[in-house]
Amino acid sequence: VQIAGVEGQQVAFYVEDHQVFIDEVLETINSLLCGGEVPGLFKHEELVPMLEPLKEVMQDQVGDGSVRTPYEFFLRRVQANLHVVVSMDSTHPEFWRRCESNPALFTACSILWFGEWSRASMEHFPSMLLPEYFGKDAPEEWDAAALQDAAIQIHTACRSRGATPRQLVAFL
């Protein structure tokens with residue numbers, strides 16, 4: 001975080017799900033993806049000297065006043081320079097719960113899915129991605145299950161033309 005935010009260097013942070021022993025690790029990654037920060041990572045006494053060199057850089061790079069504080073500038077740089085890579089196994093028993101409880105994994109990430117999705121995964125994903133249309137919040141006047149099934153059938157029919165799980169996400 002410090003290298004990306006203070007030094008402005010590109011950094012990749014790679015985490016695999018087998019390294020996640022407690023849910024707080026993914027919650028921390030979720031916070032990092034959402035706002036560029038990990039609450040409580042740095043104490044105020046640590047931040048002040050760390051952010052001091054950013055004041056001049058901030059004036060040079062953002063002279064229009066769109067960034068008000070060195071800390072805000074630091075967060076923007078973290079978001080621009082830190083690339084978080086999370087590798088998760090969709091067959092892991094905690095996969096769906098972890099995804100649902102950490103929405104930035106879908107909203108702030110590019111999803112690269114290797115291999116084919118199982119029918120169960122394709123049926124579960126729409127309600128997680130768009131609960132207002134396919135989940136418990138779907139309007140009663142339409143048949144969400146039939147709509148979901150039709151989307152899956154269209155995707156399945158297009159597999160022979162190279163349709164990928166990522167394209168199913170875009171289609172939905």
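## What helix 2 packs against

The buried residues of helix 2 pack against strand 1 (11–16), helix 5 (70–81), strand 2 (82–87), helix 6 (95–101) and helix 7 (104–107), where contact means heavy atoms within 4.5 Å, and where buried stands for under 20% relative accessible area, exposed for over 50%, and partly exposed for what lies in between (1.4 Å probe, protein chains only). Helices (H or I, at least four residues) and strands (E, at least two) are DSSP runs that are numbered from the N terminus. This is a predicted model, in which local features need pLDDT of at least 70 and side-chain atom pairs count only at pLDDT 80 or more, while totals for chains, interfaces and linings use all residues. Residues are numbered from 1 along each chain as its sequence is written, and side-chain values use heavy atoms, with hydrogens and water left out.

Helix 2 covers residues 23–35, and its 13 residues reach 19 Å from the first C-alpha to the last, close to the 18 Å expected at 1.5 Å a residue; the expected span is 1.5 Å times one less than the number of residues. Its buried residues are Leu26, Ile29, Asn30, Leu32 and Leu33. They lie on the same side of helix 2, because they cover an arc of only 165 degrees around the axis, the arc being that of the directions from the helix axis to the C-beta atoms. Just after helix 2, Gly36 takes a positive phi of about 80 degrees.

In helix 3 (residues 44–51), the buried residues are Leu47, Met50 and Leu51. They cover an arc of only 85 degrees around the axis, which puts them on the same side of helix 3. The face of helix 3 turned away from this buried side carries the exposed residues Glu45 and Pro49, whereas the cover over the buried residues includes helix 1, helix 4 (54–61) and helix 5.

Helix 8 (residues 119–129) has Ser121, Met122, Phe125, Pro126 and Met128 as buried residues. They cover an arc of only 165 degrees around the axis, and therefore they are on the same side of helix 8. An α-helix has 3.6 residues a turn, so residues three or four places apart point the same way.

## Salt bridges

The structure holds six salt bridges, a salt bridge being a side-chain nitrogen of Lys or Arg within 4 Å of a carboxyl oxygen of Asp or Glu. One of them is in helix 8, where Arg119 and Glu123 are four residues apart and thus separated by about one helical turn, and where their side chains meet at 2.9 Å, N to O. Arg119 counts as partly exposed at 37% relative accessibility, and Glu123 is also partly exposed, at 35%.

Arg97 is partly exposed, with a relative accessible area of 35%, and Glu94 is partly exposed at 28%. The side chains of Glu72 and Arg68 meet in a salt bridge with an N to O distance of 3.7 Å; here Glu72 is partly exposed, with a relative accessible area of 21%, while Arg68 counts as exposed at 69% relative accessibility.

## A nonpolar surface patch

Tyr133, Trp142 and Leu147 make a nonpolar surface patch of about 270 Å². Patches are made of residues with over 30% relative accessible area and no salt bridge, like charges being joined within 9 Å and nonpolar side chains (Val, Leu, Ile, Met, Phe, Trp, Tyr) within 5 Å, and accessible areas come from the Shrake-Rupley method with a 1.4 Å probe. Trp142 lies in the loop between helix 9 (131–134) and helix 10 (144–158), and it counts as partly exposed at 34% relative accessibility.

Ile3 is found in helix 1 (residues 2–7) and is partly exposed, with a relative accessible area of 40%. Not counting residues up to four places away in sequence, Ile3 touches Gly8, Gln9 and Val11. Ile3 and Asn81 are 78 residues apart in sequence, and their C-alpha atoms are 8.8 Å apart in space.

Ser110 has its place in the loop between helix 7 and helix 8, where it counts as exposed at 58% relative accessibility. From Ser110 to Val85 there are 25 residues in sequence and 9.4 Å in space, C-alpha to C-alpha.
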